[in-house]
Amino acid sequence: MKKYNDILLQSPLFSGVNESDLTGMLRCLGAKVKKYAKNQSVFLEGEPATSIGILLSGGVQVIKEDYYGNRSIVVQIEPGQIFGEAFACAQIKTLPISVVAVCDSEVLLVDCKRIITACGNSCEFHNKLIHNLLRVVAMNNLLLNRKLELISKRTTKEKLLAYLLSEAKRHGSNSFTIPYNRQELADYLGVERSAMSAELGKLRNEGMIEFQKSRFTII
């Protein structure tokens, strides 16, 4: 488990935790590392919502499918980030989303109850973890609000521009790489891939953007 210390200490859940205390904390929490192959489900819609996941390596996507199987990408998770926390903390019976590995990945799984409930050993770190977890939930709610702002735009062009400009701002540069391929970007924005590709071509012809695969430049 120690080989994951660097990435775990960068995770917002363990903010302010000393490395010397981390091993004992993980043991007390009953944390387990699991490996997932590309396209394998980490969490599956309909399963009990009990665990919090921390991505150690690779990449996973939180997705939602409608009745007809149309997929929408809620968010892309990067190493060190947390997922599933809102559903586990809300103690809902089953997950309304799925989490799928987009490449070979490693995930640390923690039972949410072990975080928010003091153990018999009277460990001092539970208050810190509860504080950190509350902050994570709040920050992720802000990210979901950002997603709602994007998909509330009326046209595919407006959604694309809003997303690309927000990514430029997030990276602090007019050139940046997004975490999605074309189909994934369409799924994230809730638009048809063909219509989105056509709009990307128009934006490039109008001299507003340049792009090569997932690399974009705002002109």
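**View 1. Helices α6 and α8 of the predicted model pack against each other at an angle of about 65°.** Helix α6 covers residues 156–171 and helix α8 residues 193–205, and their axes are 9 Å apart; helices (H or I, at least four residues) and strands (E, at least two) are DSSP runs numbered from the N terminus. Axes here are lines fitted to C-alpha atoms, for helices over the stretch in contact, and angles run from 0 to 180 degrees between N-to-C directions. The angle makes α6 roughly perpendicular to α8, given that 65 to 115 degrees counts as roughly perpendicular, under 35 as roughly parallel, over 145 as roughly antiparallel and the rest as oblique. On the side of α6 the contact is made by T156, K157, L160 and L161, and on the side of α8 by A195, M196, E199, L200 and L203, where contact means heavy atoms within 4.5 Å. Sorted by class, this contact has six nonpolar, one polar and two charged residues; Ala, Val, Leu, Ile, Met, Phe, Trp, Tyr, Cys and Pro count as nonpolar, Asp, Glu, Lys and Arg as charged, and the others, Gly among them, as polar.

The model is a predicted one, in which local features need pLDDT of at least 70 and side-chain atom pairs count only at pLDDT 80 or more, while totals for chains, interfaces and linings use all residues. Residues are numbered from 1 along each chain as its sequence is written, and side-chain values use heavy atoms, with hydrogens and water left out.

**View 2. Helix α6 also packs with helix α5, at an angle of about 145°.** Helix α5 spans residues 126–151, and the axes of α5 and α6 lie 8 Å apart. Residues R146, L150 and I151 of α5 meet K159, A162, Y163, S166 and E167 of α6 in this contact, which by class has four nonpolar, one polar and three charged residues.

View 3. C89 counts as partly exposed at 29% relative accessibility, whereas C112, at 2%, counts as buried; buried means under 20% relative accessible area, exposed over 50% and partly exposed in between (1.4 Å probe, protein chains only).

**View 4. F87 has its place in helix α3, residues 85–90.** This residue counts as partly exposed, at 24% relative accessibility. Although F87 and T50 are 37 residues apart in sequence, their C-alpha atoms are 7.8 Å apart in space. With its neighbours within four places in sequence left aside, F87 is in contact with A49, I92, L95, P96 and I97.

**View 5. N39 and Q91 are loop residues with positive phi values.** N39, in the loop between β1 (32–36) and β2 (41–43), has a phi near 75° although it is a residue other than glycine, and at 57% relative accessibility it counts as exposed. Q91, in the loop between α3 and β7 (98–101), is not a glycine either and has a phi of about 55°; at 54% relative accessibility, Q91 counts as exposed.

**View 6. V136 lies in helix α5 and counts as buried, at 6% relative accessibility.** The C-alpha atoms of V136 and Q81 are separated by 9.3 Å, while the two residues are 55 residues apart along the chain. Leaving aside neighbours within four places in sequence, V136 is in contact with P12, L13, I82 and E85.
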